[in-house]
Amino acid sequence: MARPRTISDERILSATATVIDRRGPEFTVADVAAEAGVSVGAVAKRFGSKSGLLQALTRAGTEEVARRMREAGTVREALLTWFDRLADPVVATNNLAQLGVDLIDAELRALLARHYAVLESELEVLCAAEDLPSNAARVLAALVYGIAMDWSIRPRGELLARMEEDIDLVLKGMR
């Protein structure tokens, strides 16, 4: 009989996110295992490789952000859920660096495309409920991605404060 799992996949994926926040794309499976308090073999058995970890993390992230957007209930609050964990410039830079590496891998790029499509679809529902123009979700998504990129490179002030200010300005013009 197989031994029951005492460490959840969620704990390992949370450790993966934490390690990426600290190290960016230079992280290793051993770093994740140490952060999660498990053996490298346990991580490899469940996820196969670093790419497998990143794929699972992307899938879980898509579900999590989509759920949080629905719970937010408004366009403005939903947009603020996208990058709220990147308030520290080092964390933002490390995640941006990881994104650059992810884009090279065809499987990860496809998962990221699905991630962005799911978020935009959730945003379209909220935009329609607020009677915003038909292309509002695409424009607002591009705005938030641009703010996150700009702030990651040139952090000035707080990321969420900058997003709130810019989102409010654009939403005012759309209404």
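Reader: Is Tyr145 buried, partly exposed or exposed in this model?

Author: The model is a predicted one, and the values here are computed from it. Buried would require a relative accessible area under 20%, and exposed would require one over 50%. Tyr145 has a relative accessibility of 24%, so this residue counts as partly exposed.

Reader: What kind of ring pair do Tyr116 and Tyr145 form?

Author: A pair of aromatic rings is described by the distance of the centres and the angle of the planes. For Tyr116 and Tyr145 the centres lie 4.8 Å apart, and planes over 60 degrees apart count as edge-to-face. Since the planes of Tyr116 and Tyr145 stand at 70 degrees, the pair is edge-to-face.

Reader: How many residues apart are Tyr116 and Tyr145, and which helices hold them?

Author: Tyr116 belongs to helix 7, which covers residues 106-129, while Tyr145 belongs to helix 8.

Reader: Which parts of the chain does the pair of Trp82 and Tyr145 tie together, and how many residues apart are they?

Author: Trp82 sits in the loop between helix 5 (75-80) and helix 6 (89-102), whereas Tyr145 is in helix 8, residues 136-153. The pair therefore ties together parts of the chain whose separation in sequence is 63 residues.

Reader: Which residues make up the cluster linked by ring pairs?

Author: Trp82 counts as buried, at 9% relative accessibility, and Tyr116 counts as partly exposed, at 30%. Ring pairs link these two into a cluster with two further residues, and its members are Trp82, Phe83, Tyr116 and Tyr145.

Reader: What covers the buried residues of helix 8?

Author: The buried residues of helix 8 include Leu140, Val144, Ile147 and Trp151. Among the elements that cover the buried residues of helix 8 are helix 5, helix 6, helix 7 and helix 9.

Reader: With which residues is Asp166 in contact, leaving aside its neighbours within four places in sequence?

Author: Asp166 is placed in helix 9, and its relative accessible area of 18% means that it counts as buried. With neighbours within four places in sequence left aside, the contacts of Asp166 are Leu143 and Ile147.

Note on methods. Residues are numbered from 1 along each chain as its sequence is written. This is a predicted model: local features need pLDDT of at least 70, side-chain atom pairs count only at pLDDT 80 or more; totals for chains, interfaces and linings use all residues. Side-chain values use heavy atoms; hydrogens and water are left out. Helices (H or I, at least four residues) and strands (E, at least two) are DSSP runs, numbered from the N terminus. Buried means under 20% relative accessible area, exposed over 50%, partly exposed in between (1.4 Å probe, protein chains only). Rings of Phe, Tyr and Trp (its six-membered ring) pair if their centres lie within 6.5 Å; planes under 30 degrees apart count as stacked, over 60 as edge-to-face and the rest as tilted. Contact means heavy atoms within 4.5 Å.
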